[in-house]
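Thank you all for making the time this morning. I would like to walk you through one structure, and I ask that you keep the sequence and the model in view while I talk.

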Amino acid sequence: MKVIEVNNISKVYKLGTITTGTLIKDIASAFSGKSKRDRMFREAEENNRSSKGTSEYVWALKDISFDVNQGDVLGLIGRNGAGKSTLLKILSQVTSPSTGEIKIKGKVASLLEVGTGFHPELSGRDNIYLNGAILGMTKKEITSKLDQIIDFSGVERYVDTPVKRYSSGMYVRLAFAVAAHLDPEILIIDEVLAVGDSEFQKKCLGKMKDVSETGRTVLFVSHNMQAVSSLCTKGIVLSNGQNVFQGTAEKAVDYYINGLNSIEFDESTGIDNETSRRGSGELRFKKIRILDDFGNENYRHEYNHSFTIEADIICKKVPENAYIAFGLKSGLSGNLVSSVRHPVPDSFLKEGAEFKIRLQITDPLVRPGTFPTYFWLGDKEGVKFYDILDDYISPVTVYSNRGMDELGFNPTRFAGYFSMNSTVNYEHN
């Protein structure tokens, strides 16, 4: 049975300031109605973060259609800015689509942002009742589950403290516990679980699995491809606001890892746009690829096998000194788990010069998993940033056909190995 039907959903956003600056102009704008709407649709451009564009309107989502059946666990994956969170907000009725329609059958519980729906002045206990009421539960129903919710959240000691004094981790623990225990027929979760610690993340994933096994429906956004593969039955890949792939979770993850690979950057890429890239621009990445031992572009690598980062760089202005760094980040927390860094020879740092860097990662002792990438160009002291790119290529997946015990991972002693050695060479383009 279909519980969610999404038909040609699109969402247009206006960039920059929302109001015109004067009340009279805002009222006139509100009455412009259809003509303004037509202009938005006519001028809106693709939501591509690597380009400045020329229009003040962008398609956050464009012509998205899919169905979700009862009991499905759907993983929504894509790079930052792909439109995942916007889609969840539409499904949660936090915002409305610009075009298209959605049909939802059943009670929806959403966990989109840390503390969404919480009143900061109320205690954790009072917020449990408040959230339950918002979800349509009676006070008696909430009371019957109160102990389970508090126990799962792990904030029992602070449950009668105003939540404005909670840390972000405590917020998300309590918010997830409420959403998951009030028996929603559809559970929608954005990747707020990154705030929690690893133990709580495992509890959350286990709870989502329990929810799905009772025949309820889960929509899950994550950058953790292992979580998507193990938890989800279906997957959708979004790119620049469009649905570029949908199928089984396994095939969606494979498409994301191997189908959305290298990115090329051109002169229109805005270095001052923090949502796209950061840095002063003396040095800039032009193209980045990850290669396997055979020189093929590949983003899946076997445990303890070397791989190479190949980056084309242009020197726009001669920096005082320059270093390049590459790192792997945690798919849940977004923190760096391992990185390498090398100096760039002065002979390559001439204005207008273009050159290639090949950074070979040798003997990578990285626990199997999926890791978003981090690329950095800056000075020796790490004070000046010339170019920083987060998640601009597909994550690196490290896999193994052997079990964790065979690889020597002992979860009672440590979370895993994260270290990389590297060599580097340079050549002029």
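I will take the cavities, then the aromatic rings, and then a few individual residues.

First, this is a predicted model, so to speak of local features we need pLDDT of at least 70, and side-chain atom pairs count only at pLDDT 80 or more, while totals for chains, interfaces and linings use all residues. Residues are numbered from 1 along each chain as its sequence is written, and side-chain values use heavy atoms, with hydrogens and water left out.

Let me begin with empty space. Rolling a probe the size of a water molecule over the atoms shows where such space is left. A cavity here is a set of points, on a 1 Å grid over the protein atoms alone, where a 1.4 Å probe fits but cannot get out, and its lining residues have an atom within 4 Å of a point.

Which residues line the second largest cavity? They are His 301, Glu 302, Asn 304, His 305, Phe 307, Pro 364, Val 366 and Val 398. At least two residues of this lining come from each of strand S13 (300-302) and strand S17 (354-366), where strands are DSSP runs of E with at least two residues, helices are runs of H or I with at least four, and both are numbered from the N terminus.

Now to the rings. A pair of aromatic rings is described by the distance of the centres and the angle of the planes. Rings of Phe, Tyr and Trp (its six-membered ring) pair if their centres lie within 6.5 Å, with planes under 30 degrees apart counted as stacked, over 60 as edge-to-face and the rest as tilted. The whole structure holds 10 aromatic pairs. In one of them, Tyr 166 and Tyr 171 have ring centres 6.4 Å apart and planes at 70 degrees, so this pair is edge-to-face. Tyr 166 and Tyr 171 are both buried, a word that means under 20% relative accessible area, with exposed being over 50% and partly exposed in between (1.4 Å probe, protein chains only).

Trp 376 and Phe 385 also form an edge-to-face pair, because their ring centres are 6.4 Å apart and their planes stand at 70 degrees. Here Trp 376 is buried at a relative accessible area of 6%, whereas Phe 385 is partly exposed at 38%.

Most residues other than glycine have a negative phi. Asn 8, in strand S1 (residues 2-14), has a positive phi near 50 degrees, and with 45% relative accessibility Asn 8 counts as partly exposed. Asn 240 likewise has a positive phi near 50 degrees; Asn 240 lies in the loop between strand S9 (234-239) and strand S10 (242-248), and is partly exposed at a relative accessible area of 25%.

Terms used
1 Å grid on protein atoms, 1.4 Å probe; cavity = no way out; pocket = protein on both sides within 12 Å on 5 of 7 lines; lining within 4 Å.
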